[in-house]
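At each stop, select what is named and then compare the display with the description.

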Amino acid sequence: MHCHRDFFRIWPLLALLLAGVVPARAAQLASSLYATEVAPADAQQAAQDAMREVLVRLTGTRDAASDPALADIISDAQHYVQLQRRTAAGMTQVLFDAAALRAAIAAAGRNVWGPDRPLLWVQLPPMDQSAAAALRARLNSAAQARGLPIMFAAAAASDGTVAPDAALALARRAGASAALTAQPTPANPPSLQWTLAAADTQGQWSGAPEMAIDAITDGLVQAAHELGMAPVADFNCRISGVADLPSLASVLGALRASPEISEAAVREIDRDSLLLHLRARGNQQLLEHALASDRLHAAGAAADGALEYRYQAGP
C-alpha cells in the first residue's frame, strides 16, 4: 500500500477515529435516555413519574405514557430502577436498567428508538438576544422530552430565509443529519414557520416550537423504524480528495451524520484517497443519497465495484 507521508503520520489517529465513528455517536445520547429528574415524591411514585418520561424518550412516541401496552411497566417501575436519589436542587433523580427496560418494551410489543439518533441542526431567524435565548430554551426542553438531540447554528439566518437544501448542507458541515429552520409567518410575523430538511423525511409547520419538535420527532421516528426494517448490506466506498486533517474530519462527520451507516473501517490509504468498508441499512441508492452533500460528490462506481466519491474542501 502506498501512503502519502502526511497520512502515514496520522494513521494511528485515523484508525482510532474511524473505529469509533458509530459507537461514539450513539454513546453521546444513550446515557441520557434512561435517566431523568422528577418532582420529589415517595419512591414508588417518583419511579412511576420518571418511567412515564423515559418511555416517551425510548419509544419516540409522545403517547407512550398512556399506552395500555406499557401500563404494566409503569406500574412496576421500581423493578427497573438502578439508582434513585435526591439532588441538591431537591429533585429526585432516577436511573433505569437499560437492558431490562428495552427487553420489557419489546415484550410489550413496542419498538425502541435506538440511541443512534439523527442530530438536528436548528437555525433561528434574526431576533433580539432575550427572545432568541427564550426560544432556544423552549426548543431544548421539548427536544429533551422527546429524546431528540439538537444543536443550534452559530449565527441566525441573515434575512430569516434559508432554502431547505442549503440548510441541510450547512447542517451536514456541522456534523448533523437534519436541518430545522424557522422564519416569521408572513400573515402573522410573531408566529414562526418551521421547515425540516433531512435525507429521508421533510415537512413544514407553523406554530409553537413544542409543536414543531413533536411533529419533527414523529417523522424522524417513523423514518428510523422504516430504515430499521431494511436489510444490512456491505459496501466499499472510495473517497478521494482527503488531503489533510480538516478534510478527514469533514468526511468523518458525514459518516457520523448518516443513520444508515452502522460500521466503517479503513481498507486502504493511497495518497489522498481512502478506501472504506461500510455496513449500512438499505440499498446502494439510499446510501448514496445519505452521503451526498455539497462537499462530497458521487462519481459513480469503480471497476472493482466500490462507490466513488470526490471530496471538495470548502472555503
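A salt bridge is here a side-chain nitrogen of Lys or Arg within 4 Å of a carboxyl oxygen of Asp or Glu. The model you are looking at is predicted, and the structure holds eleven salt bridges.

Begin with arginine 62 and aspartate 214, whose side chains meet in a salt bridge with an N to O distance of 4.0 Å. Arginine 62 lies in the loop between α3 and α4 (71–75) while aspartate 214 lies in helix α8, so the pair ties together parts that are 152 residues apart in sequence. Arginine 62 counts as partly exposed at 46% relative accessibility, and aspartate 214 is also partly exposed, with a relative accessible area of 23%.

Next, select arginine 146 and aspartate 218, which form a salt bridge whose closest N and O atoms are 2.9 Å apart. This pair links distant parts of the chain, with arginine 146 in helix α6 (residues 129–146) and aspartate 218 in helix α8, 72 residues apart. Is arginine 146 buried or exposed? At 3% relative accessibility, arginine 146 counts as buried, whereas aspartate 218 is partly exposed, with a relative accessible area of 29%. If you now show Arg62, Arg146, Asp214 and Asp218 together, you have a network of linked salt bridges on the screen.

Stay with helix α8 (residues 209–228), which has 20 residues and reaches 28 Å from its first C-alpha to its last, close to the 28 Å expected at 1.5 Å a residue. Its buried residues include Ala212, Ile213, Ile216, Leu220 and Leu227.

A further salt bridge can be found by selecting arginine 110 and aspartate 67, whose side chains meet at 2.6 Å, N to O. Arginine 110 lies in the loop between α5 (98–107) and β4, and aspartate 67 in the loop between α3 and α4, so the pair ties together parts that are 43 residues apart in sequence. Aspartate 67 is buried, with a relative accessible area of 15%, while arginine 110 is partly exposed, at 35%.

Move on to arginine 57, which has its place in helix α3 (residues 43–59). Arginine 57 is buried and yet has no salt bridge, the nearest side chain of opposite charge being glutamate 53, 4.0 Å away. Leaving aside neighbours within four places in sequence, arginine 57 is in contact with residues including Ser32, Trp113, Arg117 and Arg146.

From helix α3, turn to the strands it lies across, namely β1, β2 and β3, where α3 runs at about 130° to β1. These three strands form an open sheet in the order β1-β3-β2, with antiparallel pairing. The edge strands are β1 (35–38) and β2 (81–86), each of which pairs on one side only. Four bridges join β1 to strand β3 (residues 92–96), and valine 38 stands opposite threonine 92 in β3.

In the loop between β2 and β3, select methionine 91, which is partly exposed, with a relative accessible area of 28%. Methionine 91 and proline 40 are 51 residues apart in sequence, but 5.4 Å apart in space, C-alpha to C-alpha.

Finish with strand β6 (residues 178–185), where seven of the eight residues are buried, so this strand is largely enclosed by the rest of the structure. Four bridges join β6 to strand β4 (residues 120–123), and the two run parallel, with glutamine 123 standing opposite threonine 181 in β6.

Methods
Residues numbered from 1 in each chain as written. Predicted model: local features only at pLDDT ≥ 70, side-chain atom pairs only at ≥ 80, totals over all residues. Heavy atoms only, no water. Buried < 20%, exposed > 50% of the residue type's maximum accessible area, 1.4 Å probe, protein only. Pairing = 2+ DSSP bridges. Lys, Arg positive; Asp, Glu negative; His and termini not counted. Contact = heavy atoms within 4.5 Å. Axes fitted to C-alpha atoms, helices over the stretch in contact; angles between N-to-C directions. Expected span 1.5 Å × (residues − 1).
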